Each structure stands twice: as structure tokens, then as C-alpha cells.
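Biologist: I would like to learn how to read a few features of a structure. Could you take me through them one at a time?

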Amino acid sequence: MINSVTKSQFDPSVLAPKADLYPKLWDSNTKKLNHNISIKLKQIAEDFIRGFEHPLNIKDIILTGSIANFNWNQFSDIDLHVLLDFNEIPDEYRDAFEDYFNAKKEEWNKNHNIMIMGHEVEIYIQDTNEPHYSTGVYSVLNDKWIASPTFKKQDINYDDVINKTENFIEQIAKISELVGNKDYQKAKTGIDNLKKKIKKYRQAGLVSEGEYSTENLVFKMLRNAGHLQALSDLKFQAYDSDMSIEEEILNFQKTLEEIKKKKKKKKGLWANIHAKRKRGEPPAKPGDKDYPTKKNWKKVISLRNKK
């Protein structure tokens with residue numbers, strides 16, 4: 001079931017910037033990451049890296065996203081990014097490596113549910129050459145801010161955020177209906193297109209207005225409410241169902257094959273006569289085993305007269 005976000009259910013203050021950084025992670029005096037949490041995050045990143053078959057040339061391990069900024073909230077993930085320079089990968093292998101990195105990232109995040117101070121740790125691999133629009137970026141490896149966030153009041157159009165969020169939820173609901181109606185091919189295409197659309201939509205907002213753009217806040221609302229996960233789950237469901245063969249389908253196909261075989265075996269009188277002529281055999285005589293009965297002759301004559 002795809003739940004809707006309504007104005008009565010939605011608390012706009014969730015998206016508003018806070019006066020301080022998240023106190024459970026950041027030291028209020030030094031503004032640095034809590035020492036014990038820093039050790040844990042380094043360990044998580046190192047364990048993740050050890051899962052690769054070949055050693056990676058790590059440039060940095062950073063903490064970013066709302067948890068490293070003034071717009072943190074109870075839904076914020078701890079976004080831990082492992083930085084690599086993709087330019088070090090030969091051009092002909094870059095796409096394959098990116099797919100490999102994404103697969104390893106998804107596998108790790110799916111198999112682990114690591115919570116720090118009530119917030120889930122999500123790990124990513126990021127290209128150092130990729131534009132990054134967050135105003136809060138902290139180097140866990142070097143224990144210092146790369147981009148230090150500053151508090152600033154924001155004029156957020158909450159109605160616009162809610163309306164745009166509702167629009168995307170409706171599109172996800174329609175795809176859910178396609179899966180329910182077993183239109184799996186159309187559903188898979190719709191999911192891929194919608195995912196690309198949401199990604200481009202968010203990217204455009206980050207480029208034009210930054211983290212507090214309507215587009216980025218809509219993305220956060222969809223993610224926080226579980227709709228992006230629901231979209232991913234629908235994709236797996238559509239694929240698995242499309243590739244599965246149920247017992248009744250096999251039985252139905254078996255029945256069709258049996259009917260076809262019976263039709264081939266049970267040929268008409270004229271078909272048998274023509275087959276004998278083609279083989280050069282003399283026609284059957286009364287008393288022969290394959291000589292037509294009176295009933296067969298009447299049926300043939302009746303069919304002939306109808307033509």
C-alpha cells in the first residue's frame with residue numbers, strides 16, 4: 001500500500017534548519033565529530049573496503065548529508081562516502097567498475113542495519129571528480145571539515161513540497177497497480193523511468209538552489225516516508241514475478257500441447273484418403289480394417305454438401 005503525505009500528517013519543521021548541529025554526533029564546543037563515533041565510522045568504512053577483491057586507492061572517507069548540517073532530523077541517515085578517483089580507472093573499464101561499485105554498495109547496505117545514535121549508516125562510493133552540492137562535508141579520515149556548514153534561515157515553500165511529493169507518490173501508486181495487475185514489463189519500464197526522473201529532478205534543484213530547494217526536499221520526503229524503498233521493492237517484485245512460472249501455467253501449457261497432439265493424431269476421412277493416394281497405396285475395400293464406416297461416409301457427405 002502506498003501511503004500519501006497530507007498536510008495534516010506532515011510536520012514542516014522536520015525540514016527546517018536547526019540552530020545547532022546534531023548534538024549526539026557533534027561536539028558543541030569544537031564542532032568536531034564525536035571521537036568514539038569517528039572510530040566506529042572508520043571501522044565500518046574499512047570493513048566495507050575489505051569486501052572488495054582488489055585493493056582500492058582511497059582518497060578520503062567523508063560524512064555528508066543533512067546529518068552533517070543544520071537541516072538534520074529524526075529521519076536523517078548517516079551518509080558515509082568512500083572517495084575514489086575514477087580517472088585512475090581506464091576509460092574502457094570505467095562503466096563496468098561503476099556498476100561493480102554500485103552492486104557492492106547495495107549489497108552492503110541491504111545486508112547491514114548499523115544504527116548510530118538511532119540513525120542508520122548508509123555507505124556509498126563517490127568519485128572525487130563528481131560535483132557535490134552539500135554545504136556540510138566532514139573528513140572522517142582526517143578529522144576535519146572540508147566544507148563547514150553555516151546556519152541560515154530558509155524560506156521553504158512547504159505547500160509546494162507537499163504537492164510535488166504527492167504527485168510522485170501517485171506515480172508510484174500507478175506502478176504498484178501495474179504490478180498488481182501482472183503487467184510486469186510495463187511496470188519495470190515505468191520504475192526505471194521514474195527513478196531517472198526523480199534523480200534528475202533532485203539534481204536540478206541542487207544545482208539551482210542547493211539543499212533547501214523544493215526538489216531536494218521532495219526527494220527527502222519520498223525517502224523519509226519509505227516511498228523510494230517501495231519503488232525499489234516494486235522493481236524486484238516485478239522482475240521476480242515476471243521470471244517466475246507458476247504451476248497452473250505449466251499445467252495449462254501441458255494441456256494445450258496434449259490437445260495439439262490429439263488433433264494431429266485424429267485426422268479426418270479425406271485426409272486419410274489423400275495420404276494413401278500420396279503414398280501410392282490402393283484405396284481400402286469394404287471389409288478392410290481401414291475402410292470407412294457408414295457413419296463416417298454420412299459425415300463426409302454432410303460436410304461436403306455444406307460447402
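**Rings, charges and a helix face**

Modeller: Gladly! A search of the whole structure, which is a predicted model, finds 13 aromatic pairs.

Biologist: How are the rings of Phe-48 and Trp-108 arranged?

Modeller: Look at the distance between centres and the angle between planes; planes over 60 degrees apart count as edge-to-face. Here the ring centres of Phe-48 and Trp-108 are 5.7 Å apart and the planes stand at 75°, so this pair is edge-to-face. The pair joins distant parts of the chain, since Phe-48 belongs to helix H1 (residues 35–50) and Trp-108 to helix H2 (residues 91–111), 60 residues apart.

Biologist: Are Phe-48 and Trp-108 buried or exposed?

Modeller: The cut-off to keep in mind is that buried means under 20% relative accessible area. Phe-48 counts as buried because its relative accessibility is 3%. Trp-108, with a relative accessible area of 15%, is buried as well.

Biologist: And what kind of aromatic pair do Phe-97 and Phe-101 form?

Modeller: A tilted one, with 5.9 Å from centre to centre and 55° between the planes. Both residues lie in helix H2, four residues apart, which is about one turn of the helix. Phe-97 is partly exposed, at a relative accessible area of 33%, whereas Phe-101 is buried, at 4%.

Biologist: Which residues do ring pairs link into a cluster?

Modeller: The cluster consists of Phe-48, Phe-52, Phe-86, Phe-97, Tyr-100, Phe-101 and Trp-108.

Biologist: Where does the charged end of Lys-104 sit?

Modeller: For this feature, follow the charged end of the side chain to a ring. The charged end of Lys-104 is placed over the ring of Phe-52, 5.6 Å from the ring centre. Likewise, Lys-110 has its charged end over the ring of Phe-236, 5.5 Å from the centre of that ring.

Biologist: Which residues of H6 are buried?

Modeller: They are His-227, Leu-228, Leu-231, Ser-232, Leu-234 and Ala-238. Viewed down the axis of H6, these buried residues fall within an arc of 155°, so they line one face of the helix.

Biologist: What covers the buried residues of H6?

Modeller: The cover includes helix H3 (158–180), helix H4 (184–208) and helix H5 (214–224).

How values were computed
Residues are numbered from 1 along each chain as its sequence is written. This is a predicted model: local features need pLDDT of at least 70, side-chain atom pairs count only at pLDDT 80 or more; totals for chains, interfaces and linings use all residues. Side-chain values use heavy atoms; hydrogens and water are left out. Buried means under 20% relative accessible area, exposed over 50%, partly exposed in between (1.4 Å probe, protein chains only). Helices (H or I, at least four residues) and strands (E, at least two) are DSSP runs, numbered from the N terminus. The arc is that of the directions from the helix axis to the C-beta atoms. Contact means heavy atoms within 4.5 Å. Rings of Phe, Tyr and Trp (its six-membered ring) pair if their centres lie within 6.5 Å; planes under 30 degrees apart count as stacked, over 60 as edge-to-face and the rest as tilted. A charge sits over a ring if NZ of Lys or CZ of Arg is within 6 Å of the ring centre and within 35 degrees of the ring normal.
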